[in-house]
Amino acid sequence: AVFSTLSSGGGNITQKMAMPSWLLLIGGAGIVTSVLVFGYRVMRTISTQITGLTPSSAFAAELAAAITVVLASAMALPVSTTYTLVGGVLGVGLASGLSAINLRVVATILVFWIVTLPAGAILCIIFFYGFKSVFG
């Protein structure tokens, strides 16, 4: 969206635009880098720190997350696969009782979910004006 706006010349937002390959490569490199740097922490937290998982309960959580993503995609709703998996793991934990869930870890996850929206908005504003000053 930022590239489209900046490349239009007048700051106009276009409905459709061809995405340059170099921009897709930069985005892909960013995703790969973040998974390499932080992925193990996310996987460890979800798989061991929220609640104890058995192979069957892990399968149930993963299946619930996959179905949620497929249904949301069919309705054109953007969802996070990580968030849906955390929901599935919480569901498995709740099936065993509230005492089976590490509420401190869940509270930390909730705080970071809440912080994610304004942090993303602030970073977007910073990047937008930064790109605008460079390319505009």
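Hi everyone. Let me begin with a definition: a residue counts as buried when its relative accessible area is under 20%, as exposed when that area is over 50%, and as partly exposed in between. Keep that in mind for Leu 63, which has a relative accessible area of 41% and is therefore partly exposed. What we have on the screen is a predicted model, and I'd like to walk you through it.

Let's start with the overall picture. The protein has five helices and zero strands, so if you read along the sequence you get the pattern α-α-α-α-α. Its C-alpha atoms fill a box of roughly 55 × 30 × 25 Å along the principal axes. The radius of gyration is 19 Å, whereas a compact globule of 136 residues would have one near 14 Å. Of the 136 residues, 17% are buried. The accessible surface comes to about 9800 Å², and carbon and sulfur atoms account for 74% of that. As for contacts with a separation of 6 or more, 59% of them join residues 24 or more positions apart.

Now back to Leu 63. You'll find this residue in helix α3, which covers residues 55–74. What does Leu 63 form together with Phe 59, Ile 67, Leu 71, Met 75, Leu 77 and Val 79? These residues make up a nonpolar patch on the surface, with about 690 Å² of accessible area together.

Stay in helix α3 for a moment, please, and look at Ala 72. Is Ala 72 buried or exposed? Its relative accessibility is 5%, and the limit for buried is under 20%, so Ala 72 counts as buried. From Ala 72 to Leu 110 we go 38 residues along the sequence and 21 Å through space, C-alpha to C-alpha.

In soluble globular proteins, nonpolar side chains tend to be buried together. So let's turn to the core. The largest nonpolar core here has 11 residues, including Ile 46, Ala 61, Val 89 and Ile 109. Helices α4 (81–95) and α5 (103–135) are the elements that give two or more residues to this core. Which one gives the most? That is α4, with four residues. Setting aside neighbours within four places in sequence, Val 106 is in contact with Ile 50, Leu 90 and Ile 101.

Note on methods: Residues are numbered from 1 along each chain as its sequence is written. This is a predicted model: local features need pLDDT of at least 70, side-chain atom pairs count only at pLDDT 80 or more; totals for chains, interfaces and linings use all residues. Side-chain values use heavy atoms; hydrogens and water are left out. Patches are made of residues with over 30% relative accessible area and no salt bridge: like charges are joined within 9 Å, nonpolar side chains (Val, Leu, Ile, Met, Phe, Trp, Tyr) within 5 Å. Accessible areas come from the Shrake-Rupley method with a 1.4 Å probe; for residues, only the protein chains shown count as cover. A salt bridge is a side-chain nitrogen of Lys or Arg within 4 Å of a carboxyl oxygen of Asp or Glu. Buried means under 20% relative accessible area, exposed over 50%, partly exposed in between (1.4 Å probe, protein chains only). The radius of gyration is taken over C-alpha atoms; the globule rule is 2.2 Å times the number of residues to the power 0.38. Contact means heavy atoms within 4.5 Å. A nonpolar core is a set of buried Ala, Val, Leu, Ile, Met, Phe, Trp, Tyr and Cys residues joined through side-chain atoms within 4.5 Å.
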